[in-house]
Amino acid sequence: MTQSLAYIHPDAKIAQNVAIEPFAMIHGDVEIGEGSWIGSHAVINSGARIGKNCKIYPGAVVSATPQDLKYNNEYTLTVVGDNTTIREYATISRGTEEHWKTVVGSDCLIMAYAHVAHDCRVGNNVIIGNNVQMAGHVHVGDWAIVSALSAVHQFVKIGIHAFVSGASLVRKDVPPFTKAAREPISYVGINSVGLRRRGYTNEQIIEIQNIYRYVYMKGLNNAEALQKIELEMPPSDERDEIINFIRNSERGIMKSPFQTTGASETEAQS
């Protein structure tokens, strides 16, 4: 159902059963999948590819021109997966020639006033909290949560199932399955609550804890820790995910405060 007061460019491709509220603006070169809802005063700019059953709330802006001075009006996209919700006044910029598109996966929740900048890659089932500000080229893995008011530095990577606490300044990579908090951003344990909610067994959670003991609790540098993990821990999807993430980190992973404060390992894993 499309309201007569909405603006829809004649070249926009709108699937069946899409609801577009009054005063929404849909520009040309836009595709919106079946069952989606576009709220009043939402703006869907050129280059947007919106999946099925998405909800885009009033005032949100999708596929805005990148806030990057190097952008030279090259043809780029913003891709949003199915069943994703973008709340009020959130903004998502389209890509630049660096990667040509910004991607937000399926089943995500982008809360009010959040910003996802150019060339970001947001996985599936991700939650981006209110007022989170993500700079360009940030990667967020599946099932990660970035809590409200956090600021994420450009090129940072946040691993799968990671949890970033509210009002964090994320300048370093956050490895998979971990919790990040404090200033500067630090390892404060693994995301055991989130993992249990998603069906991870106690044995898997203990394995992840043991892996991160090598990284954060034994006084090893990253190369030494990875070598010992590969030698002493049996192969598993979780082990390999952690090893590959740390090995491929370009900005470096967050550190642990517990190595210097004398806090116990039990406190670190709580």
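Author: The turns below treat strands, aromatic rings and one threonine in order.

Author: This is a predicted model, in which local features need pLDDT of at least 70, side-chain atom pairs count only at pLDDT 80 or more, and totals for chains, interfaces and linings use all residues. Residues are numbered from 1 along each chain as its sequence is written, and side-chain values use heavy atoms, with hydrogens and water left out.

Reader: How many strands form the open sheet, and in what order?

Author: Strands (E, at least two residues) and helices (H or I, at least four) are DSSP runs numbered from the N terminus. Two strands pair if DSSP finds at least two bridges between them. Here nine strands make up an open sheet with parallel pairing, in the order 1-4-7-10-13-16-19-22-25. Its edges are strand 1 (7-8) and strand 25 (169-170), each of which pairs on one side only.

Reader: Which residues are bridge partners in strands 13 and 16?

Author: Strand 13 (residues 91-93) pairs with strand 16 (residues 115-116) in the parallel sense over two bridges. Ile92 has Val116 of strand 16 as its bridge partner. As a general idea, side chains in a regular strand alternate between the two faces of the sheet.

Reader: What joins strand 14 to strand 11 and to strand 17?

Author: Strand 11 (residues 77-80) runs parallel to strand 14 (residues 101-104), and four bridges join them. Strand 14 also runs parallel to strand 17 (residues 121-122), with two bridges. Val104 stands opposite Val80, and its bridge partner in strand 17 is Val122.

Reader: How many aromatic pairs does the structure hold?

Author: Rings of Phe, Tyr and Trp (its six-membered ring) pair if their centres lie within 6.5 Å; planes under 30 degrees apart count as stacked, over 60 as edge-to-face and the rest as tilted. The structure holds six such pairs. One of them joins Trp37 and Tyr57: the ring centres are 5.1 Å apart and the planes stand at 75°, so this pair is edge-to-face. Trp37 belongs to strand 6 (residues 37-38) and Tyr57 to the loop between strand 9 (55-56) and strand 10 (61-64), so the pair ties together parts 20 residues apart in sequence.

Reader: Which charged residue lies over the face of Tyr57?

Author: A charge sits over a ring if NZ of Lys or CZ of Arg is within 6 Å of the ring centre and within 35 degrees of the ring normal. Arg87 lies over the face of Tyr57, 4.0 Å from the ring centre. The charged end of Lys218 likewise sits over the ring of Tyr214, 5.3 Å from its centre.

Reader: Which residues do ring pairs link into a cluster?

Author: The cluster consists of Tyr187, Tyr212 and Tyr216. Tyr212 and Tyr216 are four residues apart in helix 2 (residues 202-216), a separation of about one helical turn. Tyr212 is buried at 0% relative accessible area, and Tyr216 is buried at 2%.

Reader: Where is Thr178, and which residues does Thr178 touch?

Author: Thr178 is in strand 26 (residues 178-181) and counts as buried at 0% relative accessibility. Contact means heavy atoms within 4.5 Å. Not counting residues up to four places away in sequence, Thr178 touches several residues, including Tyr187, Tyr212 and Met254. A polar atom of the Thr178 side chain also lies 2.7 Å from the backbone oxygen of Pro175.

Notes:
Buried means under 20% relative accessible area, exposed over 50%, partly exposed in between (1.4 Å probe, protein chains only). A polar contact is a pair of N or O atoms within 3.5 Å; within protein, one must be able to donate a hydrogen and the other to accept it, and residues adjacent in sequence count only if both atoms are side-chain atoms.
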